[in-house]
Amino acid sequence: MEQLTQNLKDGKMELLEVPFPALTEGNMLVRVHFSVISAGTEGKTVKDARLGYIGKARSRQEEVKKVIQVAKTQGVMKTYQMVMNKLEAPSALGYSCAGEVIAVAPDVRGFKVGDHVACAGAGAVHSEVVSVPKNLCVKVGDGVRLDHAAFSTIAAIALQGIRQADLRLGENCVVIGLGLVGQLTVQMLNAAGVDSIGIDIDPRQVKLAQETGARLALERNAPGLEDAIMEQTGGHGADSVIITAGTSSLDPVELAGTLCRTKGKVVIVGVVPTGFSRKNFYRKELDLRMSCSYGPGRYDANYEEKGIDYPIGYVRWTENRNMQAFLHMLQDGKIDMEKLITHEYKFFDAPNAYQMILDKKEPFVGVVLKYDTEKELTQSVKVSKATVYAKADANLGFIGAGSFGQNFLLPNVKGKANLVGVATARSNSARNIADKYGFSYCPADADELVKDENINTLFIATRHNTHAEYVMKGLQNNKNVFVEKPLCMTEEELEEIRQLYDKSNARLMVGFNRRFAPHIKTIKQKFSDQLPKAINYRINSGKLPDDHWIQDPEIGGGRIVGEACHFIDLAMYIAGSPITSVSANGLRDAKNHLDTVTISLGFENGSVAAISYFSNGSKSVQKEYLEVFCGGMTAIVDDFKNMTLHGNKVSKDNLSSQDKGHAQELHEFLQSIKEGKPAPIPFEDVYLSTLATFKVLESIREQRKVILADEANQNVVASENGVLQD
């Protein structure tokens, strides 16, 4: 199938052949019949992509600040590669479409194959097939044309602005900005029995508003504009002003303050600055409100991704119910879309549609893309000719390849293994990775990689909640598995994995890369495993946004499971001995996230470790600081860049840039496959460090020390293949 993509580096647009998107829980696949181009939002995105590097930097100043911070740690060259990796990736466009359901996830209720639906959100892109969560899909009723229904998302934006205005029958409202959202707002106000007054700088948009029922429509610079509106509103001013314009000028907000009556409401829907003068807003006690996109539920992962609806008794109008309301208005003939759809392009001609919008050489309002629904679609994409792979080689299938996979995994395996297939949640991402790194194909379903006999090794870099599933599928199919941390999210999953591993001949490796960092290698050489060690490890992790997926207990598992496992494993590796006890205390933030903890570990050989994982510190402090004390010597590693060894003399080892061992880790894993050797991290170590991570949570929850000695004796054998191995 094809998807419209844009290169963020140079703005190049193309219809890219990509695999079907993944059908995940709570989602459905929809074959698109029509999609709508948002001239405002998408037009700006396309325009910014065509800017030079300086122009891009000016329009994305916050991103530039983040890049500078990364460069201080990662180095200029590595940071440059990360930035280019993002800019060169084809990005999807669009967020409003309509079509026919062709597949439904088992957990989705209320939809079936063959239903006509309108779709919204990040998944509803300009593509022949899209994957959309159920709360962002609405059934299209009989008699409603799909080209009209495709406007449901944009119409929901307009409708949410009206809801924020809280207007009543017989009241009046001024709409500033008569683009697509403004025109829809005018018609909806009319349908609700509210007198609409439109204002725009373009006389053609003003005329269109007059034709579609505005009680009064005026050009912004028309003489006597304020007097005309005062007369229309009985000398009181507007009950509400809704701003749907997009501009860097303060004029819309200032004008709204002038036109609104005392105690009236000003609602901002469009992208406008809000640094207005105080006079009108203060004297009239105006109520300034923001309207958030399609309505309640927007940007809430529980609502949009997990499909958890808000009870209608408490939240009458959600983004989904706003979309439904628009479709009902269409069905009842209360909205005239014929006058709003000014352009219809074939999907294959989409780049010309965007060029028309950017050129502004002809008037436009609603721009629709029409798809060839008779075309036969291919679910998977063959990127190169079929190849015969030697079974002794490392023949890789990648499941998931987000920013971490693209910045740290793929660059370090390219040229060192055969890259066979790659599957990601986003179709355009899978195709881009396949082209860039030389994969043979990208399937619609990751299970194709699991079943592919040419693939003997799976790399898993998905979100945490799917790790265990793919690890177990890989082991069941006797494939080597490299999985990014964590291995799994529950003790039950850990035990299932252990049982499958015992029955399999495959290697299982978790991405505990810090073991392979050059400074850690030096410590293992200098410090005897026969002597107990005292380890002090401070991690200044920084605060994550409250809505970050890692903080979600069902998806990310929280920062202890998702991240602290790294540091627990490294402490065990340095100690050279199995963990025997875990004791921890935690500090929860205002959202009850447990991401500031102190962990105390005891080891069989008498070593001890204190791990301080803090999220409440200053960003100016380096992220990781490790101290190891043993036999009269001390090693200090500062953020895996600088190391100082204190003994009979003091020596320093400073790297030009941070090295956390990613490249060496992957080199040793791939070599183990080619040479027929065990994985470089023994499974016993992986099992115990993962178990100890879960025991950290148990210790905090039960406020006690957890003894692992019995479990260690039963489940972990420290042999020449185990933790005692150097």
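**Packing and backbone features of the predicted model**

Gln205 makes contacts with Leu178, Gly179, Gln183, Asp200, Phe364 and Val365, residues up to four places away in sequence being left out of the count. Gln205 is situated in helix α8, which spans residues 203-211. With a relative accessibility of 12%, below the 20% limit, Gln205 is classed as buried. These values, like those that follow, were computed from a predicted model.

In the protein chain, 24 helices and 32 strands were assigned. The radius of gyration is 29 Å, close to the 27 Å given by the globule rule for 726 residues, so the chain is as compact as a globular protein of that length. Along the principal axes, the C-alpha atoms fill a box of roughly 90 × 60 × 50 Å. Of the 726 residues, 55% are buried. Among contacts with a separation of 6 or more, 67% are between residues 24 or more positions apart. The accessible surface of the chain amounts to about 31,900 Å², and carbon and sulfur atoms contribute 49% of this area. The side chains include 83 positive and 88 negative ones, with the centres of the two sets 4 Å apart.

In soluble globular proteins, nonpolar side chains tend to be buried together. In this model, the largest nonpolar core comprises 104 residues, and Leu487, Ile497, Ile579 and Leu601 are those with the most contacts inside it. The greatest contribution to this core comes from helix α21 (residues 558-575), which supplies 12 residues.

Beyond residues up to four places away in sequence, Ile497 touches Ala468, Val471, Met472, Leu475, Leu487, Cys488, Leu508 and Phe683. Helix α18 (residues 467-476) is mostly covered, with 7 of its 10 residues buried. The buried positions in α18 are His467, Ala468, Tyr470, Val471, Met472, Gly474 and Leu475. Their packing partners are β18 (395-399), α17 (447-451), β21 (457-460), β22 (480-483), α19 (491-503) and β23 (508-510). The peptide bond between Lys485 and Pro486 is cis, with omega about -5°. Pro486 belongs to the loop that links β22 and α19.

For Asp166, a residue other than glycine, phi is near 55°. Asp166 is in the loop between α6 (152-165) and β9 (172-176), and a relative accessible area of 35% makes Asp166 partly exposed. Tyr299, likewise not a glycine, has a phi of about 70°. The loop containing Tyr299 runs between β14 (287-290) and α12 (301-304). Tyr299 is exposed, its relative accessible area being 55%.

Lys263 is part of strand β13 (residues 260-268). Apart from neighbours within four places in sequence, Lys263 contacts Lys284, Glu285 and Leu286. The C-alpha atoms of Lys263 and Glu100 are separated by 46 Å, the two residues being 163 residues apart along the chain.

Definitions and conventions: Residues numbered from 1 in each chain as written. Predicted model: local features only at pLDDT ≥ 70, side-chain atom pairs only at ≥ 80, totals over all residues. Heavy atoms only, no water. Core = buried A, V, L, I, M, F, W, Y, C linked by side-chain atoms within 4.5 Å. Buried < 20%, exposed > 50% of the residue type's maximum accessible area, 1.4 Å probe, protein only. Helix = DSSP H or I, 4+ residues; strand = E, 2+ residues; numbered from the N terminus. Contact = heavy atoms within 4.5 Å. Rg over C-alpha atoms; globule rule 2.2 N^0.38 Å. Areas by Shrake-Rupley, 256 points an atom, 1.4 Å probe, with all protein chains shown as cover. Lys, Arg positive; Asp, Glu negative; His and termini not counted. Charge placed at Lys NZ, Arg CZ, Asp CG, Glu CD.
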